[in-house]
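Welcome! Please take a moment to look over the protein shown here, and then we will walk through it topic by topic.

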Amino acid sequence: MYVETYERAWMWLAGGLIAVFLGVIVVTAANGAIAPPSHMETVDPANLSTHPEFGSPTVKTNADGSVVVTVVASMFSFTPDPIEVPADTPITFRLTSSDVIHGFEVVGTNANAMAIPGYVSQFTVTFKKSGDYVIACNEYCGVMHHTMVGKLTVKPVSR
Ligand code: CUA
C-alpha cells in the first residue's frame, strides 16, 4: 500500500506523542506523585464499631517512628478529629467509610483519596510544613456535605 510521505510523517508524529504521554504517566507514577490509593483491602462497613482497627480510629506511632492514622469517615464528620501528626515523617493514612462515599482531602497538599464503604484506602505522605490544615470531604455525601471538614495539625519535630 502506498502511503504519502507527508502522511507517513504525521503518523509517526502522532505515534510519538502517544509514547511521550504514556511515558509522562509512568514517570510521574514511579516518582510517587500519583498512586492508586486503594490496595484492594476490604472491611465490613456494617461492623466497623467492633473492628480491631477501625473500631477505635486513632493515630499510632510505630517503633521506627513512622505514623499510621486510621480514619473513619461518616455523615458528616471524620474520626478522629482533630488529627495530630509530626512534620517530616512518613504518615500512612488508612481510610474507610461507615456509610456512603466520602472524600478525604488535606487542602493544599497532594493527600487526597476517597473513603469508600467496604474498602480501605491507603496512602503515605510526608508533610514538610508544620501548621494547621483543613481536611475537606470532596465527594457529595448528603445535605450537610458542605459542613464535613476536619482539622489536621502538623507539629514541628526537633531532631
Ligand atoms: Cu462527606 Cu461530603
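Which residues have the most contacts inside the largest nonpolar core? They are V85, F93, F104, F127 and L152, and this core has 26 residues. Keep in mind that you are looking at a predicted model, in which local features need pLDDT of at least 70, side-chain atom pairs count only at pLDDT 80 or more, and totals for chains, interfaces and linings use all residues. Residues are numbered from 1 along each chain as its sequence is written, and side-chain values use heavy atoms, with hydrogens and water left out.

**The nonpolar cores**

- A nonpolar core is a set of buried Ala, Val, Leu, Ile, Met, Phe, Trp, Tyr and Cys residues joined through side-chain atoms within 4.5 Å. Buried means under 20% relative accessible area, exposed means over 50%, and partly exposed lies in between (1.4 Å probe, protein chains only).
- The largest core, with its 26 residues, receives at least two residues from each of strand 3 (67–74), strand 5 (83–86), strand 6 (90–97), strand 7, strand 8, strand 9 (119–126), strand 10 and strand 11 (149–155). Strands here are DSSP runs (E, at least two residues), numbered from the N terminus.
- Strand 3 is the biggest giver to this core, with four residues.
- Another core lies apart from it and has five residues, including L48, F54, V72 and V120.

- F127 is in contact (heavy atoms within 4.5 Å) with V85, A87, D88, T89, I91, F93, V106, T109, A111, L152 and V154, leaving aside neighbours within four places in sequence.
- L152 sits in strand 11 and is buried, at a relative accessible area of 0%.
- Beyond residues up to four places away in sequence, L152 touches I83, V85, F93, V106, F127, G131, D132, Y133 and I135.
- L152 and D132 are 20 residues apart in sequence, yet their C-alpha atoms are 5.8 Å apart in space.

**Strand 7 and its partners**

- Strand 7 (residues 102–106) is mostly covered, with four of its five residues buried.
- Strand 7 pairs with strand 8 (residues 112–115) in the antiparallel sense over four bridges; two strands pair if DSSP finds at least two bridges between them.

**Salt bridges and a polar contact**

- How many salt bridges does a search of the whole structure find? The search finds three, where a salt bridge is a side-chain nitrogen of Lys or Arg within 4 Å of a carboxyl oxygen of Asp or Glu.
- R94 and E41 meet at 2.8 Å, N to O. R94 lies in strand 6 and E41 in strand 1 (residues 38–42), so this pair ties together parts that are 53 residues apart in sequence.
- R94 also forms a salt bridge with E53, with the closest N and O atoms 2.7 Å apart. E53 lies in the loop between strand 1 and strand 2 (59–61), 41 residues from R94.
- Together, E41, E53 and R94 are linked in a network of salt bridges. R94 is buried at 10% and E53 is buried at 17%, whereas E41 is partly exposed at 26%.
- K151 and D132 meet in a salt bridge at 3.8 Å, N to O. K151 is partly exposed at 38%, and D132 is exposed at 54%.
- The side chain of D132 is also joined to that of T153 by a polar contact of 3.1 Å. A polar contact is a pair of N or O atoms within 3.5 Å; within protein, one must be able to donate a hydrogen and the other to accept it, and residues adjacent in sequence count only if both atoms are side-chain atoms.

**Backbone details to look for**

- The peptide bond from M75 to F76 is cis, with omega near 0 degrees, and F76 lies in the loop between strand 3 and strand 4 (77–79).
- A cis peptide bond also joins T79 and P80, with omega about 0 degrees.
- D88 is not a glycine, although its phi is positive, at about 55 degrees.
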